[in-house]
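I opened the notebook today to look through one chain from end to end. Below are my entries, in the order I made them.

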Amino acid sequence: MKKTNKDKINLLNRSNIIKQTLANFDNGLTARELANKLHFVERNSTAPRLTNLVKKGEVIQVGKRYDKITKRLVTVYKIKNEVTSNG
């Protein structure tokens, strides 16, 4: 199935919303936490966007956090310009 311009705009809007939301959380968020904050039904609404934003260098992975639902350590994401160095 070919993506339309409307699909591309929706993905771009979702990426911008994700970046804006991450900027408000100093400790970062997991894909599931982010989905919950944005009132999405599942983490798959945010996980692919986070992967793309990491590849673009706009979001970074800053650690791991225990997810009570999966009972696993999951990646915590943070907007890149919010990270400070300890120099």
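**Entry 1: a loop residue**

I began with His39, which is exposed at a relative accessible area of 72%. For the cut-offs, buried means under 20% relative accessible area, exposed over 50%, and partly exposed in between, with a 1.4 Å probe and protein chains only. His39 sits in the loop between helix 2 and helix 3. Its phi is positive, about 60°, although His39 is not a glycine.

A note to myself on the source: this is a predicted model, where local features need pLDDT of at least 70 and side-chain atom pairs count only at pLDDT 80 or more, while totals for chains, interfaces and linings use all residues. Residues are numbered from 1 along each chain as its sequence is written, and side-chain values use heavy atoms, with hydrogens and water left out.

**Entry 2: the whole chain**

Next I looked up the layout, and I found 3 helices and 2 strands in the order α-α-α-β-β. These elements are DSSP runs numbered from the N terminus: helices are H or I with at least four residues, strands are E with at least two.

How many of the 87 residues count as buried? I noted 28%. The accessible surface of the chain comes to about 6400 Å², and carbon and sulfur atoms hold 49% of that; the areas come from the Shrake-Rupley method with a 1.4 Å probe, and for residues only the protein chains shown count as cover. Among contacts between residues at least 6 apart in sequence, 43% join residues at least 24 apart. A contact here means heavy atoms within 4.5 Å.

**Entry 3: the core**

I then listed the largest nonpolar core, which has 12 residues: Ile18, Leu22, Leu29, Ala31, Leu34, Leu38, Ala47, Leu50, Leu53, Val59, Tyr77 and Ile79. Helix 3 gives the largest share, 3 residues. By definition, such a core is a set of buried Ala, Val, Leu, Ile, Met, Phe, Trp, Tyr and Cys residues joined through side-chain atoms within 4.5 Å.

I also checked Leu38, one of the core residues. Leaving out residues up to four places away in sequence, Leu38 touches Ile17, Ile18, Thr21 and Thr46.

**Entry 4: helix 3**

Which residues of helix 3 are buried? I wrote down Ala47, Arg49, Leu50 and Leu53. Gly57 follows helix 3, with a positive phi near 85°.

**Entry 5: the hairpin**

My last stop was the strand pair. Strand 1 (residues 59-67) and strand 2 (residues 72-79) run antiparallel, paired over 8 bridges; two strands pair if DSSP finds at least two bridges between them. Val59 has Ile79 in strand 2 as its bridge partner, and I had already met both residues in the core.

The hairpin has 4 residues between its strands. Lys71 lies in that loop and has a positive phi near 60°, though this residue is other than glycine. Lys71 is exposed at 62% relative accessibility.

Arg72 belongs to strand 2 and is exposed as well, at 59% relative accessibility. Aside from neighbours within four places in sequence, Arg72 is in contact with Arg65, Tyr66 and Asp67.
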